[in-house]
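This report covers salt bridges, a strand pair and a surface patch. Please keep the sequence and the model open while reading.

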Amino acid sequence: MPDIFDAYFAQQVINGISLGLVYALVAIGFTLIFGILNVVNFAHGEIYTVGAFAGLLLIVGAAPPLLAVVLLVMAVGAAAGVGLERLAFRPIRRFSDEASLKSRAMREATLLSSLAVSIVAREVMAHVFGGEMRIIPQAALLQDVITLGPLTLTNGNLIIFGASVVMLGGLQFMLYRTRVGLSIRAVSNNVLGARHVGIDTNRTIVATFAIGSSLGAAAGILVGLYDGNIYPYMGFAPGIKAFVAMVMGGLSSIPGAVICALLLGVSESVATDFLSSGWKDLIAYGLLVVTLIFFPQGLFGHGRERV
Amino acid sequence: MRPEFKILKGFAFAAAALACGLSAKPAAAADPLLLGYQMPLSGDRSQYGEMFRNAAEIKLKAFNAAGGVDGTPVQIVYEDSKNDPKEAIAIAQKFSDNPRILGVLGDFSSTVAMAAGEVYAKSGVAQLSQTASHPDYTKVSKWQFRNITTQAYEGPFTSKWMRESGAKTVAIIAIQNDWGISAAEEFAKAFAAQGGKVTATEYFNPGTRDFRSILTKIGRAKPDAIYLCMFYEEGASALQQAKQLNVKSAMFSTSSLYSPKLIELGGDSVNGLRMASTFVPENPAPEVQTFVSEYKAAYNDAPNMFAAQAYDAVGIMLDALKAVGPKATRAQLRDALAKTNNYPGVTGKTSFDPETREPAKELAKMEVKGGKFVVLP
């Protein structure tokens, strides 16, 4: 097939990069929270949905400029993250001796409590708002077409790209250049050690949830406006893909998760060119299996532990 | 995690069904006659279930107000199938085990309706689905009926229309489930038989909202037209993204995209979409206008085709029940349903073929023009 590498193929790569950026936006917050607690936060997808709904209510109610919407949504996301930590994580963290911290049962209990919160949150949203897609004012959509010869982009592509760069950069700055970042890294390295040197671990964990969830919520509204759909079940699919990207990236490496998210997006999109699109999830999960077999610590893991 | 939950829930349902079966007493004379209605009331298809229940309630209220079945009122028992075949089977078992349930309405998708249908076929309960349009649904047994024309009827209709409008090549985008596959296949067969060429058939997994890679792929062959076999939510996303990607092909779709929400969700990008439809709220016929105004008054929302299908399905079932009277058996109700002839519903005059139990309806041609559904002459 000599003519397969044409403009349509290039368009497919662009589609893939924008899909990958969507996964990356979700994966950043996901990975941050995993890094500190070593526990999968299953409710991250619902934080994403909450962000989208909060943003939509703002747009319908007051129609502020996009930047203001995103900042307010991040505040809502941070509040939701703090609430989530209270509800699903703190009650199970009340024993802080070494045996409890290392116990599998504790980790599994947290995993299940976050799953429970996610199911309740999703169904409550479906009950309050109805299960159907919300109507988004056409002017608010991030779907203005930008044509580059035979290729098309939208302003949403650029905004999501910009948001990913800012979030990733801001997070790296925060983690490596500020006191909060230092304490987050300390707690993520060793909770007891951090406590012994006087770090308030509870506060650090709450701060991590607030930051991670505000990023998740911002992702929700941006992607909702870019795809043109906001509905209570929207968080599930990107949540799963972000999880895959996090695992492939080595669980606690945020840049690793972002690179793997892009890899997933591009391979799904390009695979559609060769296979029926019904098979594209096979590519994502196939890549995950291959990574786990050949790179058990993930592509960008630091050899901390096996995925 | 999820399958285990479902199994547990299945057990719970089975236990509940058993308990109901044991405790059910023979109906006293004044008790209402019962019909079952299974539909998705939670999960990501719950919006359809909500519409079905809303429409059913209006029809039922009017029917009981007009005297019911010779003075005996009818009551509908609703169960949430979550659009899941496993749940649907548990519900079908529960309805079958309750001797007071005379007939059943639902389910929503063909896959789920057929799973429940296997149970009703064994227990001998007439099942009337408002929406299951897979050709195999009525082949499950003689107990299955539907109030929707199948894709075997709609596909060739739209295909002929497309050929007449000058389209020589077409690409199909269809949802990957029993209904979507049959819609795509019936259409492709007819389009090829009428001398056209299908350049691609792409299936997507339910839940997909990003159609950009599919649209880019099928765009390579530059088809004259694209045929969308999906529901209005996916349709709105696909049409918006097609506009973004500058796809120039004429857009046609299955009648399932007909909903006022399609235009609200899709905005400008929906203009020019053409489809077949049976229900149009702008239809001045008095029964249509009564339904539209009552639905609006009760739920502050305009009814779409799905609500209309459910409204008529309930009406057909109630008429059959009225024909056999308050002492009817399940078998008598089935035979009365099979005799349905020219039922004057809001989705057009409906007759069931006594042998195949397939409905016959008139289809209308519709196009979205300037943000409105317009019926073409």
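The text below takes the salt bridges first, then a hairpin, then a nonpolar patch and one of its helices.

The model is predicted, so local features need pLDDT of at least 70 and side-chain atom pairs count only at pLDDT 80 or more, while totals for chains, interfaces and linings use all residues; side-chain values use heavy atoms, with hydrogens and water left out. Residues are numbered from 1 along each chain as its sequence is written, and chains are lettered from A and ligands numbered from 1 in the order in which they are written.

**Salt bridges**

A salt bridge is a side-chain nitrogen of Lys or Arg within 4 Å of a carboxyl oxygen of Asp or Glu. Over all chains, the structure holds 22 salt bridges.

| Pair | N to O distance |
|---|---|
| B:Glu164 and B:Lys160 | 3.5 Å |
| B:Glu164 and B:Lys365 | 3.9 Å |
| B:Lys189 and B:Glu186 | 3.5 Å |

Helices (H or I, at least four residues) and strands (E, at least two) are DSSP runs, numbered from the N terminus. B:Glu164 and B:Lys160 both belong to helix α5 (residues 151–164) of chain B and are 4 residues apart, about one turn of the helix. B:Glu164 is exposed at 54%, and B:Lys160 is partly exposed at 48%.

B:Lys365 is partly exposed, at 26%.

In helix α6 (residues 178–193) of chain B, B:Lys189 and B:Glu186 are 3 residues apart, about one turn of the helix. B:Lys189 is exposed at 55%, whereas B:Glu186 is buried at 15%. Elsewhere in the chain, a network of salt bridges links B:Arg45, B:Arg209, B:Glu233 and B:Glu234.

**A hairpin in chain A**

Two strands count as paired if DSSP finds at least two bridges between them. Strand β1 (residues 145–148) of chain A runs antiparallel to β2(A), with 4 bridges joining them. A:Ile146 has A:Leu153 as its bridge partner in β2(A). The hairpin has 2 residues between its strands, and A:Gly149 takes a positive phi near 60°. From strand β2 (residues 151–154), A:Leu151 and A:Leu153 point one way and A:Thr152 and A:Thr154 the other way; all are buried.

**The nonpolar patch and helix α12**

Patches are made of residues with over 30% relative accessible area and no salt bridge, like charges being joined within 9 Å and nonpolar side chains (Val, Leu, Ile, Met, Phe, Trp, Tyr) within 5 Å. One nonpolar patch on the surface of chain A includes A:Ile259, A:Val289 and A:Phe300, and its residues together have about 830 Å² of accessible area. Both α11 (254–274) and α12 (280–294) of chain A supply at least two residues each, and α12(A) gives the most, with 4 residues.

The buried residues of α12(A) are A:Lys280, A:Ala284, A:Leu288 and A:Thr291. Viewed down the axis of α12(A), these fall within an arc of 105°, so they line one face of the helix; the arc is that of the directions from the helix axis to the C-beta atoms. On the other side, A:Ile293 and A:Phe294 are exposed, A:Phe294 at 61%.

Notes. Buried < 20%, exposed > 50% of the residue type's maximum accessible area, 1.4 Å probe, protein only. Areas by Shrake-Rupley, 256 points an atom, 1.4 Å probe, with all protein chains shown as cover.
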